[in-house]
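Me: I have a structure open and want to go through it piece by piece. Can you keep the answers plain?

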Amino acid sequence: MQYEVVLPAAGSGKRMGAGQNKLFLNLLEKPILVHTLEVFEQDSQCTGIWLAVKPEERVFIQDMLERYGITKVKGLPDGGAERQHSVHSCMKEMKQVDIVLVHDAARPFITHDIIANLVRSAHDFGAAIAGVRAKDTMKKVRDGVIEETIDRESLWMIQTPQAFQFDLIVEAEDVAEKVGFLGTDEAMLVERLGHEVHIVESSYENVKMTTQEDLVFGEAILRKRAL
Ligand code: CTP
Ligand code: MG
């Protein structure tokens with residue numbers, strides 16, 4: 001089953017505090033962005049990659065694609081002020097495909113197995129997202145005081161990729177744009193349409209490189225995988 005993937009890569013990486021787009025930082029001598037791109041470059045089901053980029057970083061990223069032999073990129077449109085705008089800017093250029101994946105460029109450890117499960121689930125049900133079960137006890141806090149202990153059985157921590165049938169994500173984005181709704185992920189836009197979104201159990205290794213300590217986890221994962 002074929003799909004195209006949208007990789008929003010136009011963030012600033014403020015929480016990483018590296019003074020540059022965190023995606024250009026190296027994990028064991030290769031930029032985070034390249035690690036992520038290589039997963040999709042090597043995935044036989046992936047027929048195209050769309051990268052949302054900052055205009056001033058486009059040439060640098062194009063050079064990177066050439067240097068690392070990334071051939072599946074079909075477009076590098078301008079990103080927007082928010083992640084959702086960056087994703088939308090890719091979707092506007094994309095032609096009809098069966099399945100669209102949206103994946104944070106900052107999650108380099110996604111595996112082919114999880115991608116395949118997501119694509120299958122989106123094909124069968126319309127929308128599917130990767131997530132892992134919450135490990136810690138979760139409590140709702142107000143003004144520094146516990147209000148409620150939430151039943152952990154029902155709690156999942158949501159990641160990307162998020163996978164959708166093309167027409168569904170296009171409709172969800174159109175509606176969100178019309179009413180000016182900003183979600184934290186694309187699944188929220190689909191949920192708002194009243195459409196079911198299925199969970200695909202993912203891996204705790206699929207971490208997003210967000211703060212400095214994530215780089216330490218990230219390099220440890222790469223070392224373990226190289227054994
Ligand atoms: N992203 C994007 N356009 C934006 C904001 C984010 O394309 N306007 C991308 C980032 O490049 C990243 C992904 O969305 O690959 C997930 O976002 P996040 O982890 O929040 O990255 P940043 O926004 O760069 O980091 P921060 O929030 O710490 O500034
Ligand atoms: Mg951000």
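**Helix H5 and onwards**

Me: Which residues of H5 are buried?
Reply: Phe 166, Leu 168, Ile 169, Ala 172, Glu 173 and Ala 176 are buried in H5. Keep in mind that this is a predicted model.

Me: How many residues does H5 have, and how far does it reach?
Reply: H5 covers residues 166-179, which is 14 residues. From its first C-alpha to its last it reaches 20 Å, close to the 20 Å expected at 1.5 Å a residue.

Me: And what comes just after H5?
Reply: Gly 180, which takes a positive phi of about 70 degrees.

Me: New topic, the sheet. In what order do the strands come?
Reply: The order is E5-E4-E1-E6-E10-E7-E11. These seven strands form an open sheet with mixed pairing.

Me: Which strands stand at the edges?
Reply: Strand E5 (73-75) and strand E11 (198-201). Each has a single partner strand, so one side of each is left without a neighbour in the sheet.

Me: How many bridges join E1 to E4?
Reply: Six bridges join E1 (residues 3-8) to E4 (residues 46-52), and the two strands run parallel. Val 5 stands opposite Ile 49 in E4, and the bridge partner of Glu 4 in E4 is Gly 48.

Me: What about E4 and E5, how many bridges there?
Reply: Two bridges join E4 to E5, and these strands also run parallel. The bridge partner of Trp 50 in E5 is Gly 75. Between the two strands the chain crosses through helix H2 (residues 58-67), and this β-α-β crossover is right-handed.

Me: Why is E4 described as largely enclosed?
Reply: Six of its seven residues are buried, so E4 is largely enclosed by the rest of the structure.

Me: Which strands does H1 lie across?
Reply: Helix H1 (residues 32-41) lies across E1, E4, E5 and E6. H1 runs at about 155 degrees to E4.

Me: Switching to rings. How many aromatic pairs are there?
Reply: The structure holds two aromatic pairs. One is formed by Tyr 3 and Phe 40, with 6.4 Å centre to centre and 80 degrees between the planes, which is edge-to-face. This pair links distant parts of the chain: Tyr 3 is in strand E1 and Phe 40 is in helix H1, 37 residues apart.

Me: Is Tyr 3 buried or exposed? And Phe 40?
Reply: Tyr 3 counts as buried, because its relative accessibility is 1%. Phe 40 counts as buried too, at 0% relative accessibility.

Me: Why is the pair of Phe 24 and Phe 60 edge-to-face?
Reply: The planes of the two rings are at 70 degrees, with the centres 4.8 Å apart, so the pair of Phe 24 and Phe 60 is edge-to-face. The cut-off for that label is over 60 degrees. Phe 24 sits in the loop between E1 and strand E2 (26-27), and Phe 60 sits in helix H2, 36 residues apart.

Me: How accessible are these two, Phe 24 and Phe 60?
Reply: Phe 24 counts as buried at 13% relative accessibility, whereas Phe 60 counts as partly exposed at 41%.

Me: Back to the backbone. Where is the cis peptide bond?
Reply: A cis peptide bond joins Thr 160 and Pro 161, with omega about 10 degrees. Pro 161 lies in strand E10.

Me: What is the phi of Leu 28, and of Glu 29?
Reply: Leu 28 has a positive phi of about 45 degrees although it is not a glycine. Glu 29 is likewise a residue other than glycine with a positive phi, near 70 degrees. Leu 28 lies in the loop between E2 and strand E3 (30-31), and Glu 29 lies in the loop between E2 and E3.

Me: Last one. What is Gln 45 in contact with?
Reply: Leaving aside its neighbours within four places in sequence, Gln 45 is in contact with Met 1, Gln 2, Tyr 3 and Ala 116. Gln 45 is found in the loop between H1 and E4.

Definitions and conventions
Residues are numbered from 1 along each chain as its sequence is written. Chains are lettered from A and ligands numbered from 1 in the order in which they are written. This is a predicted model: local features need pLDDT of at least 70, side-chain atom pairs count only at pLDDT 80 or more; totals for chains, interfaces and linings use all residues. Side-chain values use heavy atoms; hydrogens and water are left out. Helices (H or I, at least four residues) and strands (E, at least two) are DSSP runs, numbered from the N terminus. The expected span of a helix is 1.5 Å times one less than its number of residues. Buried means under 20% relative accessible area, exposed over 50%, partly exposed in between (1.4 Å probe, protein chains only). Two strands pair if DSSP finds at least two bridges between them. Contact means heavy atoms within 4.5 Å. Axes are lines fitted to C-alpha atoms, for helices over the stretch in contact, and angles run from 0 to 180 degrees between N-to-C directions. A crossover is right-handed if, with the strands pointing away from the viewer, the path from the first strand over the helix to the second runs clockwise. Rings of Phe, Tyr and Trp (its six-membered ring) pair if their centres lie within 6.5 Å; planes under 30 degrees apart count as stacked, over 60 as edge-to-face and the rest as tilted.
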